Amino acid sequence: MNKLRIITGHCSVFRVILIGFSLVILAGSYLLCLPIASAQGTWTSYIDALFTSTSAVCVTGLIVHDTATYWSLFGKIVILILIQIGGLGVVTVAAVIAILSGQKIGLMQRSLMQSSISAPGIGGIVRMTKFIVKGTILIELLGAAIMAPVFIGDFGIIKGIGYAIFHSISAFCNAGFDLMGVRSPYSSLTTYVDNPVINLTVMALIIIGGLGFLSWTDLLKNRFHLKDLHLQTKVILTMTFFLILLPFLYFYFVEYTEVTCGQRILMSLFQSVTPRTAGFNTADYSHMSDTGILITIGLMLIGGAPGSTAGGMKVTTFCVVLLSVNAALRQKKTVSICKRRFTGETIHDAFTLASTYLFLLLLGAAMISSMEGMPVLRTMFECASALGTVGLTTGITPLLHMSSKLILILFMFFGRVGVLTLAYATVRRKEVRKGILPEEKVMVG
């Protein structure tokens with residue numbers, strides 16, 4: 001019975017997270033529908049408002065209307081607030097409001113906060129939440145301060161400062177929303193392709209946001225002494241390094257060979273960082289080779305770290321799957337790294353996540369391709385972008401019909417709240433009975 005109560009408690013926690021994200025998305029969609037939210041002062045169709053609100057809260061960045069030219073100042077502020085809420089997490093924002101108002105944080109609230117940031121326990125969770133919020137504000141302000149001189153030079157003082165703040169928050173939250181449509185619609189950061197200040201600052205914000213809040217505390221606590229870090233932090237840092245380096249080498253030597261060396265380095269590095277899972281781009285993905293598209297799809301599905309502003313199946317999941325496959329091929333009974341072995345539950349969850357993401361990707365891509373009459377590789381790119389909450393596009397999202405937009409809305413929602421969270425919140429779990437069922441071998445392969 002105690003185990004059943006624990007399961008039921010966890011389910012209620014996951015339901016609260018699910019409902020919280022849903023309510024914020026619905027509230028945002030209502031505000032974005034209003035005439036005051038559009039630059040033309042007209043009503044926005046609900047499906048487009050819902051798509052934009054979902055994309056903002058789920059920090060994705062896929063859009064059906066150019067953010068800079070379609071939305072009014074009110075609309076842009078609403079989108080920015082939704083991005084910040086989505087980046088920190090609905091539960092974290094609610095907890096901060098409760099703390100500031102002097103309310104006592106009970107056991108249920110602490111459990112919610114733990115699940116929201118993927119913390120190992122509820123001990124010190126309030127202190128951790130305060131650290132996350134303070135750190136987020138500090139990093140976003142620092143990013144805005146670095147980019148401000150560039151944007152002020154291009155757009156003037158008031159608009160330049162506003163642009164710096166907007167893009168800093170969007171980059172740190174791995175959202176990918178931009179205001180560069182004033183130059184060319186849906187252009188993202190392509191006009192800054194050779195600007196090192198914008199490129200390096202945005203990349204740094206994306207990486208820091210995607211490392212995960214627990215990794216921050218671990219790095220600061222151990223003063224960047226790698227040998228003293230927790231296994232999860234080591235895995236995150238190692239996988240992040242290689243998932244940036246290897247795609248960088250491909251893009252540098254294969255994709256962008258016709259530009260100057262400096263621009264080639266920035267373009268290759270930026271396109272290696274942004275798929276996990278920011279959504280900015282300095283190159284046109286509609287002109288990328290099929291191999292480059294496939295590599296980018298893989299990066300989008302993998303995503304960032306658990307408990308971060310990034311989406312995707314997470315780098316830790318990908319690492320566990322790789323190590324499990326390696327162990328199976330070498331006929332090893334345990335899966336280990338850094339003299340530590342993974343639990344069976346961890347391996348089970350990793351393969352469940354990976355297979356679910358792949359299944360949804362193929363199903364969604366096939367459905368949209370069939371309905372829209374578009375190449376399946378391009379629709380797969382959009383689906384991976386939605387599932388990984390990335391926001392990159394080959395340019396087809398604004399052309400999609402309502403049914404295809406609904407598929408992407410669901411994918412963005414699944415990608416942000418997490419497939420396992422969704423399953424635990426909606427699937428009724430029965431108490432596990434004692435006893436072990438008899439085994440019978442089935443040949444595979």
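**Close-up 1. Thr-60 in the loop between α2 and α3.** Thr-60 sits in the loop that runs between α2 (46-57) and α3 (67-70). The model shown is predicted. Thr-60 is buried because its relative accessible area is 0%, and buried means under 20%. Neighbours within four places in sequence are left aside for the contacts of Thr-60. The contacts of Thr-60 then are Ser-55, Ala-175, Ala-278, Ser-385, Ala-386, Thr-389, Val-390, Gly-391 and Met-412.

**Close-up 2. The largest nonpolar core.** This core holds 111 residues. Ile-83, Phe-151, Val-202 and Ile-297 touch the most other members. Helix α7 (residues 125-155) supplies the largest share of this core, nine residues. In soluble globular proteins, nonpolar side chains tend to be buried together.

**Close-up 3. Val-202 and its contacts.** With neighbours within four places in sequence left aside, Val-202 is in contact with Met-147, Ala-171, Leu-189, Phe-270 and Phe-280. Another core, of 10 residues, lies apart from the largest one. Its members include Leu-211, Leu-243, Val-315 and Cys-319.

**Close-up 4. Leu-246 on helix α11.** Leu-246 belongs to helix α11 (residues 231-255). Leu-246 counts as exposed because its relative accessible area is 51%, and exposed means over 50%. Leu-246 and Ser-272 are 26 residues apart in sequence. In space, their C-alpha atoms are 8.3 Å apart.

Technical notes
Residues numbered from 1 in each chain as written. Predicted model: local features only at pLDDT ≥ 70, side-chain atom pairs only at ≥ 80, totals over all residues. Heavy atoms only, no water. Core = buried A, V, L, I, M, F, W, Y, C linked by side-chain atoms within 4.5 Å. Buried < 20%, exposed > 50% of the residue type's maximum accessible area, 1.4 Å probe, protein only. Helix = DSSP H or I, 4+ residues; strand = E, 2+ residues; numbered from the N terminus. Contact = heavy atoms within 4.5 Å.
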